[in-house]
Amino acid sequence: MKNFKRFVVTAALAVAFGAWAGEPETQEVKYQKLVLENEFLTVSLLPESMGRIDQITVKKNNYNILYPRHSLCTNYGSLLKTVKGNAFGSADTFLQRDLRSMDQKMNVEQPDTQTVIFSVKNYGGMPITMTRKITLPAGSTIIKTESQLQWHGKPNSEITPRWDFFLNGGDPLPSRSNLFIPLVRTARPGSRYDQLNRWKQRTVVPSDNFMAVIIPPQDLTFALIVDPDSMKQDSKFYTLSGGYNKKWYWWMAFMLPPQKMDPDEVRKYAFAAAVYPGLKNIQEICGDIAMYAYVTKRSLPWRLGVVMMAASPTQENTIQLKLSSEDGKFFEKTFTLPPLVPGKMHNVTWTLSGFPPGKYHISGNIPGKGDFLLPEPVIEIK
């Protein structure tokens, strides 16, 4: 019986290679693309490749933010072919199974011109029904993604959702100095305040839900903003650079904590990819409003400035700034915010006169957006 099975396998291979005449033929895989577009961004999606985000293009300068997916198919005959890809693009993956190299056709629904809904059963060959909604709202520089997982496998199974982005690093391999500055927020040892870390791979503070990469040559910042309800203890952001095909890329990802799933159980998580054109510094994101602070010390009294840029248009609002000292003193001031427009910065200033000596930390609130804490700068008034 074993000899018979070996004969059947050998015969099948002989038929496959018998249909091959000459050298194997290798061609680039041409993916069908769906496009979401507004006045700021063009977002290309791949329904034949796991519903990935293939490219995010900034219309202002025609800059492609992502390193696109690229796959080659080699045909050895009518019955045998292989597909090899660079495993790039951007989509969900799971630690139990790395899906970056895999292609799978998704069902597609487009309820309107700004939204695509992908769905499929047995996503990535796993017992999961995946439903993913991707939206590019009009007048914004933010791509919203909502994922729903329904488990069909064994009880008490564990999954670890992760989402990868590969940023275009340039061609050829350049010096990496001042090209990409990844930014994550971590706990400062022995302090309840956060600190900013650049060029480091770290675990984020559970209350923080963003990671940003500043791209100085392109005069923009790209950020992943995860829904705070999805971020829990042991959630992580990662950042790493690498080279491929004489080009280099920047990998950034977030990973949710391991989750136990029972049959028919449903889990949801959401995040947004935000682009901030013209913003070359960032210290905090409040809702989808990126911000940084500075202190002007050239003349007395000093002035505190807070620069903000929204990823989606806002109505007229207020911002409450709070300066808190380490010995318990605090001062508050509320400023009026005009409507914020993506791609345009707004600056508020506070004259620092009459403050007792000490070190002050900056925090505050924007109604409808949430609380914020600026790790930098810490203002020391002597």
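Me: What is the make-up of the lining of the largest pocket, by nonpolar, polar and charged residues?
Reply: The lining of the largest pocket holds 12 nonpolar, 10 polar and 11 charged residues, where Ala, Val, Leu, Ile, Met, Phe, Trp, Tyr, Cys and Pro count as nonpolar, Asp, Glu, Lys and Arg as charged, and the others, Gly among them, as polar. Bear in mind that this is a predicted model, in which local features need pLDDT of at least 70 and side-chain atom pairs count only at pLDDT 80 or more, while totals for chains, interfaces and linings use all residues. Residues are numbered from 1 along each chain as its sequence is written, and side-chain values use heavy atoms, with hydrogens and water left out.

Me: And what is the volume of that largest pocket?
Reply: The largest pocket has a volume of about 630 Å³. Of its 33 lining residues, Asn209, Ile225, Pro228, Gly287 and Lys369 are the closest to the centre. A pocket here is an open set of points on a 1 Å grid over the protein atoms alone, with protein on both sides within 12 Å along at least five of seven lines, and lining residues have an atom within 4 Å of a point. Grid points are joined across faces, edges and corners, and a volume is the space filled by probe spheres set on the points.

Me: Which strands supply at least two residues each to that lining?
Reply: Among them are β12 (142-151), β18 (220-226), β22 (266-277) and β30 (370-381), strands being DSSP runs of E with at least two residues, numbered from the N terminus.

Me: What about the second largest pocket, which residues lie nearest its centre?
Reply: Glu28, Asp54, Pro68, Arg69 and His70 do, out of 21 lining residues, and the volume is about 320 Å³. Its lining divides into 7 nonpolar, 7 polar and 7 charged residues.

Me: How many cavities of 30 Å³ or more are there?
Reply: The count is 1, a cavity being a set of points where a 1.4 Å probe fits but cannot get out. The largest cavity has about 60 Å³ of space, and its lining includes Arg52, Phe88, Asp92, Arg100 and Phe166. Both β8 and β14 (161-168) supply at least two of the lining residues.

Me: Switching to sheets, what order do β8 and β14 sit in?
Reply: They belong to an open antiparallel sheet of 4 strands, in the order β8-β14-β20-β19, where two strands pair if DSSP finds at least two bridges between them. The edge strands, each pairing on one side only, are β8 (92-94) and β19 (236-244).

Me: How many bridges join β19 to β20?
Reply: 9 bridges join β19 to β20 (residues 247-255), and the two run antiparallel, with Tyr244 standing opposite Lys247 in β20.
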